[in-house]
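Let's walk through this structure together, starting with its pockets and moving on to its disulfides. Please have the sequence and the model open side by side.

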Amino acid sequence: MSVDIRLSGADAFERRQLCRGNAGCWQCGKAAQDLAARALKSGNAVIRLTGTASYGRPVGTVTIDGRDLGETMIAAGFAVPVTGYLRNDPARATRYVAAYDRAVAAHAGAHAGYFIDPARWRRGERLSCEARGSPRLPRSSRPSGR
């Protein structure tokens, strides 16, 4: 069985998204998908739907044996926090920001190099290594307003 859920408050890299590291571009979106799949296979998952569909997918939280998948993805450097969606869950928002800060400090996942914020990537922004046509400069920054 396959279920595709958008994590509330955590925006993971898209499956086809690339990130740039010292050795060049790599498939950070595929790595994010693989991490989520491994985590889901590692224990009992509880899915709690929390919002309306986003990009055609339901929105919710996922815990695996009590561990928050969104926080796990952020801490591994394969998702960014979007705390604006967690106004009703300030404790989760605080954990997500702390996980992001730890990932940045540890240069975990995409933080080892450059990346396009997943929301901007969905709108068409690309790193120069994945852009078709005119090259774009790679960007890496803490997600604004989150």
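**Pockets and disulfides**

The lining of the second largest pocket divides by class into eight nonpolar, nine polar and eight charged residues. Keep in mind as you look around that this is a predicted model. The second largest pocket has a volume of about 520 Å³. Its lining is made of 25 residues, and those nearest the centre are Leu7, Ser8, Gly9, Val59 and Tyr85. Two or more residues of this lining come from each of β1, β2, β5, β6 and α4. Strand β5 gives the largest share, five residues.

Now turn to the largest pocket, with a volume of about 790 Å³. Here 25 residues form the lining, and Val3, Asp4, Ile5, Ala36 and Arg57 are the closest to the centre. At least two lining residues are supplied by each of β1 (6-7), β2 (10-12), α1 (28-41), β5 (45-54), β6 (57-64) and α2 (69-75). For the largest pocket, the largest share of the lining is six residues, from α1. By class, the lining of the largest pocket holds 16 nonpolar, three polar and six charged residues.

Next come the disulfides. How many are counted in this model? The count comes to two disulfides. With the bonded cysteines of the protein chain numbered in sequence order, the pairing reads 1-3, 2-4.

The link of Cys25 and Cys129 is left-handed, with -85° about the S-S bond. This pair connects distant parts of the chain: Cys25 sits in strand β4 (residues 24-26), while Cys129 lies in the segment after α4 (118-122), 104 residues apart.

Are Cys25 and Cys129 buried, exposed or in between? Cys25 has a relative accessible area of 31%, so Cys25 counts as partly exposed. Cys129 is also partly exposed, because its relative accessibility is 34%. Both follow from the cut-offs, since buried means under 20% and exposed means over 50%.

Definitions and conventions
Residues numbered from 1 in each chain as written. Predicted model: local features only at pLDDT ≥ 70, side-chain atom pairs only at ≥ 80, totals over all residues. Heavy atoms only, no water. Disulfide = S-S within 2.5 Å. Helix = DSSP H or I, 4+ residues; strand = E, 2+ residues; numbered from the N terminus. Buried < 20%, exposed > 50% of the residue type's maximum accessible area, 1.4 Å probe, protein only. 1 Å grid on protein atoms, 1.4 Å probe; cavity = no way out; pocket = protein on both sides within 12 Å on 5 of 7 lines; lining within 4 Å. Points joined across faces, edges and corners; volume = space filled by probe spheres on them. Nonpolar A, V, L, I, M, F, W, Y, C, P; charged D, E, K, R; others polar.
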